[in-house]
Amino acid sequence: MAIVEVKVPQLSESIAEATMLTWKKKAGEAVAVDEILIEIETDKVVLEVPAPAAGVLAEIVQGDGATVIAEQLIAKIDTDAVAGAAAAPATAPAAAVAAAAPVAAPAAAGGNKGDVAMPAAAKLLAENNLSAANVAGSGKDGRVTKGDALSAIKAGATIPTGAPKAALPQVAAPALKEDLSGRPEQRVAMTRLRARVAERLLQSQSTNAILTTFNEVNMAPVMALRKKFQDDFVKEHGVKLGFMSFFVKAAVHALKKYPVLNASVDGNDIVYHGYFDIGIAVGSPRGLVVPILRNADQMNFAEIEKKIAEFGKKAADGKLGIEDMTGGTFSISNGGTFGSMMSTPIINPPQSAILGVHATKDRAVVENGQVVVRPMNYFAMSYDHRIIDGREAVLGLVAMKEALEDPSRLLFDL
C-alpha cells in the first residue's frame with residue numbers, strides 16, 4: 001500500500017491558522033490527481049486543496065470545521081487501492097471511520113452527535129423545515145454536513161407526521177435556539193474573513209482619529225466622455241469604460257498633489273509612499289474584500305478596467321489570493337453600485353485615508369445664479385487626523401472633484 005499525504009498549503013506569514021470547510025470526498029472514494037478535495041478558509045482568502053496523487057481517499061485526519069496550520073496533515077491517499085474494495089482500515093482513527101460511513105439517524109441511534117449540523121447545513125435545514133435529527137451525518141463525529149443537507153432536501157426528506165415540532169437544527173458550536181412564541185433565532189459563528197474584517201474595523205476606529213470631509217461632484221463631463229468613446233473603447237480593449245477608472249485616476253492625481261493622503265503611521269513616524277497602490281473595495285459571497293491595484297499611477301484606463309473586472313470575477317468565485325489583497329496605500333469604496341447616497345467610510349489600516357463614492361443622481365444645483373439639473377455624486381473622504389490636517393484633506397478631495405468635472409486636467413497634471 002502506497003500512501004501519499006495531503007497537507008495544508010503554505011499560508012502567508014501573517015496568517016497563523018485556517019479553518020477546514022467541507023470535504024468534497026469521503027473516505028473510501030476514488031480521487032483523481034489535482035481534484036479539489038476541500039477548501040480551507042483563512043481570514044483573508046479561501047484556499048483549494050487539490051489531490052497530490054490519484055487513488056483512494058484512505059483516511060480523513062482532520063474533519064469539517066477543524067482548525068489547522070500550514071503543512072499540517074489532513075488526509076491520506078492510497079495510490080494502490082481501488083474504491084469500494086474494502087472498508088476503512090481497522091487502524092484508522094474513529095474520526096476517519098465516522099467520515100467514511102454515514103451515521104445512523106439519531107431517531108434510531110438514541111440521539112448522538114449525529115443530530116448536530118455544521119453552520120451551512122443548519123441554515124439549509126432551517127430554510128427547508130427539516131431537522132438534523134432526521135438526516136444521516138457523514139461529517140466528523142456524525143455531524144451533518146452541507147452535502148448531507150443538500151442530499152436530504154433533494155430526496156424530499158420530511159419531518160414524520162405526528163412527530164412533535166423539532167427545534168431548529170443545532171450548529172456544532174454554538175447551538176441554535178428556538179423561541180416557543182414562534183420567533184426563532186439562529187446563532188452562527190462568523191467566518192474567519194468576517195471576524196478579521198470586524199477586528200480590523202474596530203482597530204481602525206480605536207487607533208485612528210477618523211474625520212470625514214464631503215463634497216459634491218458634477219459627473220456630467222465624465223458621463224459625456226464615456227458616452228462618446230464607449231463603443232470605440234470596447235472594440236479596442238474588449239472591456240467597458242466604467243466610472244471606477246476615472247475615480248482611480250482622480251484619486252492618484254490628488255495623492256500626488258498631497259502625498260500625506262498616501263502616507264501611513266508607523267509608531268511615531270510618518271511613512272510617505274513613493275508608489276500608489278489603490279485598494280478597491282469589492283463585495284463577495286464571503287464578505288467585503290479589498291484587492292489592490294498596484295502602481296495605479298502607471299496604469300491606463302483600459303488596464304484599470306480590466307484589472308477591476310478580473311478582481312470582481314475572482315471575488316465572485318472565491319479565487320482572490322493573498323497576494324491580491326496584501327498592501328495598499330489608499331482605498332476607494334463605491335457604495336453607489338448598491339444605491340448609496342452618502343456614507344462615512346472607515347479607514348483600512350495601516351492606510352490613512354479612504355474615498356467613498358456614491359450613486360450618481362439628477363439633482364437641482366445652482367450654476368451662475370440659475371437652478372439647473374445635473375447628475376451629482378456625493379464624495380466622502382475619511383482620513384486620520386493624527387497626520388492629515390483638514391487643509392490637506394479638503395484640498396485633496398477638491399482636487400479629485402476638479403479632475404472629474406474637467407477630465408482634461410488629468411492629461412496635463414493640473
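Asp34 sits in the loop between β3 (30-31) and β4 (36-41). Strands here, like helices, are DSSP runs numbered from the N terminus (strands E, at least two residues; helices H or I, at least four). Asp34 has a phi near 70 degrees, a positive value in a residue other than glycine. Asp34 is exposed, at 57% relative accessibility. Exposed means over 50% relative accessible area, buried under 20%, and partly exposed in between, with a 1.4 Å probe and protein chains only.

Asn368 also has a positive phi, about 55 degrees, and is not a glycine. Asn368 is found in the loop between β20 (361-367) and β21 (370-384). With a relative accessible area of 81%, Asn368 is exposed.

## The model as a whole

This is a predicted model, in which local features need pLDDT of at least 70 and side-chain atom pairs count only at pLDDT 80 or more, while totals for chains, interfaces and linings use all residues. Residues are numbered from 1 along each chain as its sequence is written, and side-chain values use heavy atoms, with hydrogens and water left out.

The protein has 11 helices and 21 strands. Of its 414 residues, 42% are buried. Take the contacts (heavy atoms within 4.5 Å) between residues at least 6 apart in sequence: 65% of them join residues at least 24 apart.

## The nonpolar cores

A nonpolar core is a set of buried Ala, Val, Leu, Ile, Met, Phe, Trp, Tyr and Cys residues joined through side-chain atoms within 4.5 Å. The largest one holds 74 residues. Ile74, Val248, Phe330 and Ile332 touch the most other members. Helix α7 (residues 244-257) gives the largest share of this core, nine residues. Domain 1 (3-78) and domain 2 (210-411) both contribute residues, so the core lies between them. The domain bounds come from an automatic or database domain assignment.

Setting aside neighbours within four places in sequence, Ile74 is in contact with residues including Val6, Val8, Met20, Trp23, Ile38, Ile40 and Val68. Lys7 and Gln62 are also among its contacts. Apart from this core lies another, of 11 residues, among them Leu125, Leu130, Ala132 and Val144.

## The second largest pocket

Helix α5 supplies the largest share of the lining, five residues. By class, the lining has 16 nonpolar, 17 polar and five charged residues. Both domain 1 (3-78) and domain 2 (210-411) give residues to this lining, so the pocket lies between them.

Ser204 lies in helix α5. Ser204 is buried, with a relative accessible area of 0%. Not counting residues up to four places away in sequence, Ser204 touches Ile210, Ile346, Ile347 and Pro349.

Pro349 is joined to Pro350 by a cis peptide bond, with omega about 5 degrees. Pro350 lies in the loop between β18 and β19. Those two strands, β18 (330-334) and β19 (353-357), each supply at least two residues of the lining of the second largest pocket.

Methods
Nonpolar A, V, L, I, M, F, W, Y, C, P; charged D, E, K, R; others polar.
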